[in-house]
Amino acid sequence: MPDPRFAKLVVFVNAVVPLSLLLWDGAFGSLGVNPVEFAIRTTGMLALIFLMLSLCVTPLRRITGVNYFSHFRRMLGLFAFFYGCVHLCLYFIFDRGFDLVRVVEDMLQRPFIFFGAAALLLMLPLAITSTNKMIKRLGAMRWKRLHRLAYVAAWAGVGHYYLLVKADTRKPSGFAIALGILLVFRLIYFLTHRPGAKAAVA
Amino acid sequence: MLIRKPDDIPDKEITPLKDYLNRRNFLRAGVLASTSLATGWVYRKLNFPKQPVTQQAELADLVVATTQPSAGGNGFIVNEPQTPYDSITHYNNFYEFSTDKEGVAPAAANFVTRPWTVSIAGLVRKPVTFDLDDLRKIAPPEERVYRMRCVEAWSMVIPWDGFSLSKLLERVQPLSSAKFVGFQTLLDPRRMPNQQTDVLPWPYVEGLRMDEAMHPLTILATGIYGRALPPQDGAPLRLVAPWKYGFKGIKSIVKISLFADKPPTTWNVAGPNEYGFYANVNPLVDHPRWSQATEQRIGDYFRRKTLMFNGYGEQVASLYAGMDLRRNY
């Protein structure tokens with residue numbers, strides 16, 4: 001297997017590519033007819049994609065038996081949080097015009113904003129406890145339990161997207177189906193690997 | 001000629017050839033560059049459909065507006081910066097072609113609108129089927145600069161070219177029993193490829209109350225910026241009622257019918273609690289899922305307040321006197 005430090009660099013550089021292109025296009029005024037909407041939509045989409053990618057790591061590792069993939073999990077999750085934060089900032093600046101009161105109003109009145117806020121808020125403790133030091137401090141078991149919140153955050157993110165579209169629900173439904181498959185995989189693994197599972201079957 | 005090696009660089013400090021061409025670093029740089037290029041390519045591919053250049057013929061008999069922009073008056077010419085032609089023609093909803101606002105223009109680029117007929121039937125004394133040239137004879141297109149407010153909370157200012165719907169209706173002589181006007185878009189899944197999906201019930205239908213249809217602001221548009229309406233914006237003929245949300249402006253009309261009862265309208269059928277029959281622009285009545293208080297004017301970075309009846313209250317508010325606009329959204 002190649003050097004994980006270099007492989008991580010590859011993932012990092014690729015994860016920064018969309019941000020760089022977004023900034024580049026923004027600087028040259030080529031974000032399309034509605035640049036604000038484009039930037040908000042694209043960063044939201046990136047947050048959701050990275051969250052899904054981070055959730056794919058463990059199933060992929062179990063299916064292939066290649067533990068190497070775990071090297072990327074933390075970085076993918078942190079990029080999901082990062083793009084989510086950029087998404088929130090753009091919404092706060094352009095959609096709400098720097099007005100915190102209007103953000104809170106929006107959150108209480110609009111289910112889709114509430115879901116989005118919940119997704120990001122759920123990712124916050126995961127980002128904070130993502131360091132090796134924090135894993136040690138919490139203990140592996142507690143840390144693992146806490147980080148199952150990533151699934152809840154992903155569902156909130158998908159709900160946020162689903163409630164936003166007018167009639168064509170194909171894209172958010174696609175995310176929902178992918179997430180469902182990941183969850184079913186976890187469930188199967190849990191049922192077949194819990195202590196005493198074999199005894200129960202026998 | 002003899003070229004001497006400068007004396008100030010000692011031999012041992014000159015990079016050996018084998019390091020200079022370090023195979024490993026070279027490969028790594030290659031991996032970084034190629035994966036980044038691939039990621040960038042996918043990003044661009046997913047986000048920016050190749051946009052066709054929209055070049056339409058100029059309308060021959062266009063009547064340029066003579067009324068000066070004013071605060072009151074008939075509302076025919078709004079005195080606000082006009083949205084660029086490229087934005088109007090490359091960012092809009094036309095679900096028959098694509099549900100992606102920037103995907104409509106490329107998907108509609110080859111949509112042929114000749115020949116084209118529009119039939120007018122129902123509760124009229126003189127039902128008739130027009131072709132496009134007959135329609136043009138009803139009234140020459142005149143310029144109307146209207147605000148366009150989408151239910152999704154973005155807006156434009158569009159210089160339409162068209163004629164008052166009332167002129168067409170007067171021609172077919174509505175019966176006194178006719179209380180509503182219904183419109184229907186072309187149904188042809190081969191020419192309108194997204195009609196092969198079921199994102200909406202097809203064909204797209206819309207409707208107006210008779211007094212709304214007869215209002216001087218309500219036009220059938222055949223052009224934008226003095227040029228023939230491009231396919232992505234509803235060629236060859238579309239409805240424009242500027243005080244209503246954009247989805248009321250049904251595109252590529254093939255049939256107009258007069259009814260005694262309220263006809264079904266597509267978005268109302270698709271989401272009855274979200275899209276009403278009237279769909280008047282109203283900052284006080286929110287869409288159940290998002291606010292209608294503000295809007296993003298295309299070309300601006302920050303939002304502006306949405307105006308009651310999209311700023312056409314002086315002209316149309318009387319149509320709804322005594323009506324509960326919260327219930328009749």
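The buried residues of α8 in chain A are covered by, among others, α2 (35-64), α5 (111-128) and α9 (170-193) of chain A. This is a predicted model, in which local features need pLDDT of at least 70 and side-chain atom pairs count only at pLDDT 80 or more, while totals for chains, interfaces and linings use all residues. Residues are numbered from 1 along each chain as its sequence is written, and chains are lettered from A and ligands numbered from 1 in the order in which they are written. Helices (H or I, at least four residues) and strands (E, at least two) are DSSP runs, numbered from the N terminus.

**Helix α8 of chain A**

- The buried residues of α8(A) are A:Ala153, A:Ala154, A:Ala156, A:Gly157, A:Val158, A:Gly159, A:His160 and A:Tyr161, where buried means that 20 or more other C-beta atoms, placed from the backbone, lie within 10 Å of the residue's own.
- The 14 residues of α8(A), 149-162, should span 20 Å at 1.5 Å a residue, and this agrees with the 20 Å between the end C-alpha atoms; the expected span is 1.5 Å times one less than the number of residues.

**Helices α1 and α2 of chain A**

- Helix α1(A) (residues 4-27) packs against α2(A) at an angle of about 175 degrees, with the axes 11 Å apart, and the two are therefore roughly antiparallel, a term used for angles over 145 degrees.
- To this contact (C-beta atoms, placed from the backbone, within 7 Å) α1(A) brings A:Pro18, A:Leu22 and A:Gly26, and α2(A) brings A:Pro35, A:Ala39, A:Thr42 and A:Leu46.
- Of the residues in this contact, five are nonpolar, two polar and none charged, with Ala, Val, Leu, Ile, Met, Phe, Trp, Tyr, Cys and Pro counted as nonpolar, Asp, Glu, Lys and Arg as charged, and the others, Gly among them, as polar.

**Strand β1 of chain B**

- Four bridges join β1(B) to the antiparallel β2(B) (residues 128-131), with B:Ile120 partnered by B:Val128, and the two strands form a hairpin with five residues between them.
- Four bridges also join β1(B) to β10(B) (residues 253-259), which runs parallel to β1(B), and there B:Ala121 has B:Ser257 as its bridge partner.

**Contact between chains A and B**

- The contact takes 22 residues from chain A and 25 from chain B.
- On the side of chain A that touches chain B, α1, α2, α3 (73-95) and α5 each supply at least two residues, and α1(A) gives the most, with seven.
- The residues on that side of chain A divide into 13 nonpolar, five polar and four charged.

Notes:
Buried ≥ 20, exposed ≤ 12 C-beta atoms within 10 Å, placed from the backbone. Contact = placed C-beta atoms within 7 Å. Axes fitted to C-alpha atoms, helices over the stretch in contact; angles between N-to-C directions. Parallel < 35°, antiparallel > 145°, perpendicular 65-115°, else oblique. Pairing = 2+ DSSP bridges.
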